[in-house]
Amino acid sequence: MKVVLLVVLIGLCGSGALGEESDFFDFPRNETNPDISAAVEELRAGLKTVTDRVAAAETKLGELEKQNAGNWSVSGSGSESGSHLMDLKDVSQLFTRTSHISTPKVAFYTALSNAGNIGPFNTDIPLKYQKVFTNIGQAYNINTGYFTAPAKGAYYFQFTLAGFQSFDTGVYVMKNGQIFMYNVEYKRTYNPEYITNSLILELQPGDTVSLVLPRGHSTFDNPNNLSTFSGSLLFTL
């Protein structure tokens with residue numbers, strides 16, 4: 001604005017600077033030329049008006065700069081905008097805390113029971129793993145034998161079944177009550193046999209995974225924890 005004012009003064013006065021008397025205003029007033037005198041007075045009044053407006057604008061600009069100073073913060077690497085800005089370290093810590101909240105920790109590890117031989121039965125029997133060693137996130141339900149996904153993500157599951165009778169040892173992997181996988185070890189002797197398998201499933205919140213002993217099949221467990229079922233959340237989607 002001062003540059004604009006200087007241009008105006010140069011145009012009006014021909015030479016000189018703001019605050020100094022110029023030759024234009026120093027010539028004697030000719031009382032016989034009232035029009036010239038009036039014009040000079042009008043120019044003086046106009047110049048004062050312009051000067052007052054510049055001063056008012058500078059005052060207003062200073063006030064705005066003070067207001068903006070309250071809404072702008074400067075970090076070690078430069079300036080950032082926002083009415084309530086936080087340091088980048090604080091933002092990082094907040095993001096870390098939020099990530100922990102939004103990403104559940106899920107892992108479980110169980111063994112079947114100490115009952116010895118289980119089966120065969122005339123109908124499919126849900127396997128309820130009663131010895132729970134790990135149940136982070138409480139996604140496994142000991143009463144139903146169901147694992148329920150708490151979040152959308154990729155989940156890893158592993159199971160092992162032991163068999164000591166001369167009956168087939170097999171298992172259904174159930175997803176939402178439907179058979180997803182069938183594993184079997186055909187047995188005709190009393191020699192111990194094992195089935196072990198693993199899988200990765202993409203699950204939605206509320207999806208369930210469980211194991212079922214098919215009818216006519218048997219399994220075995222004892223305090224050595226021979227038949228196990230485990231799983232964990234790999235990552236959310």
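Predicted model: local features only at pLDDT ≥ 70, side-chain atom pairs only at ≥ 80, totals over all residues.
Residues are numbered from 1 along each chain as its sequence is written, and side-chain values use heavy atoms, with hydrogens and water left out.

1. The overall picture. The protein chain has four helices and 14 strands. Both kinds of element are DSSP runs numbered from the N terminus: helices are H or I with at least four residues, and strands are E with at least two. Of the 237 residues in the protein chain, 31% count as buried. Here buried means under 20% relative accessible area, exposed means over 50%, and partly exposed is in between (1.4 Å probe, protein chains only).

2. Surface and contacts. The protein chain has an accessible surface of about 14,800 Å², and carbon and sulfur atoms account for 56% of that. Such areas come from the Shrake-Rupley method with a 1.4 Å probe, and for residues only the protein chains shown count as cover. Now look at contacts in the protein chain between residues at least 6 apart in sequence: 68% of them join residues at least 24 apart. A contact is a pair of heavy atoms within 4.5 Å.

3. Strand S3 and its partners. Two strands pair if DSSP finds at least two bridges between them. Strand S3 (residues 107-111) pairs with strand S6 (residues 131-136) in the antiparallel sense, over five bridges. In that pairing, Thr110 stands opposite Val132 in S6. S3 also pairs with S14 in the antiparallel sense, again over five bridges.

4. Strand S14 from another side. Strand S8 (residues 153-163) runs antiparallel to S14, and eight bridges join the two. Thr228 turns up here too, as the bridge partner of Thr160. A handy rule while you trace these strands: in a regular strand the side chains alternate between the two faces of the sheet.

5. Asn225 sits in the loop between strand S13 (219-221) and S14, and has a positive phi of about 55° although it is not a glycine. Gln138 also has a positive phi of about 55° without being a glycine. Gln138 belongs to the loop between S6 and strand S7 (147-148) and counts as exposed, because its relative accessibility is 62%. Another spot to check is the cis peptide bond joining Gly119 and Pro120, with omega at about 5°. Pro120 lies in the loop between strand S4 (116-118) and strand S5 (125-126).

6. The salt bridge. How many salt bridges does a search of the whole structure find? The count is one. The side chains of Asp221 and Lys131 meet in it, at 3.9 Å from N to O. This pair links distant parts of the chain, since Asp221 is in strand S13 and Lys131 in strand S6, 90 residues apart. The definition asks for a side-chain nitrogen of Lys or Arg within 4 Å of a carboxyl oxygen of Asp or Glu. Asp221 counts as buried because its relative accessible area is 0%, and Lys131 counts as buried because its value is 15%.

7. Asn135. Asn135 is found in strand S6 and is buried, with a relative accessible area of 16%. Its side chain reaches the backbone oxygen of Tyr140 at 3.0 Å. Leaving aside neighbours within four places in sequence, Asn135 is in contact with Ala107, Phe108 and Tyr140.

8. A nonpolar patch. Ile200, Leu234, Phe235 and Leu237 form a nonpolar patch on the surface, with about 400 Å² of accessible area together. Patches are made of residues with over 30% relative accessible area and no salt bridge; like charges are joined within 9 Å, and nonpolar side chains (Val, Leu, Ile, Met, Phe, Trp, Tyr) within 5 Å. Leu234 is in strand S14 (residues 228-236) and counts as partly exposed, because its relative accessibility is 42%.

Key: Polar contact = N/O pair within 3.5 Å; in protein donor to acceptor, adjacent residues only side chain to side chain.
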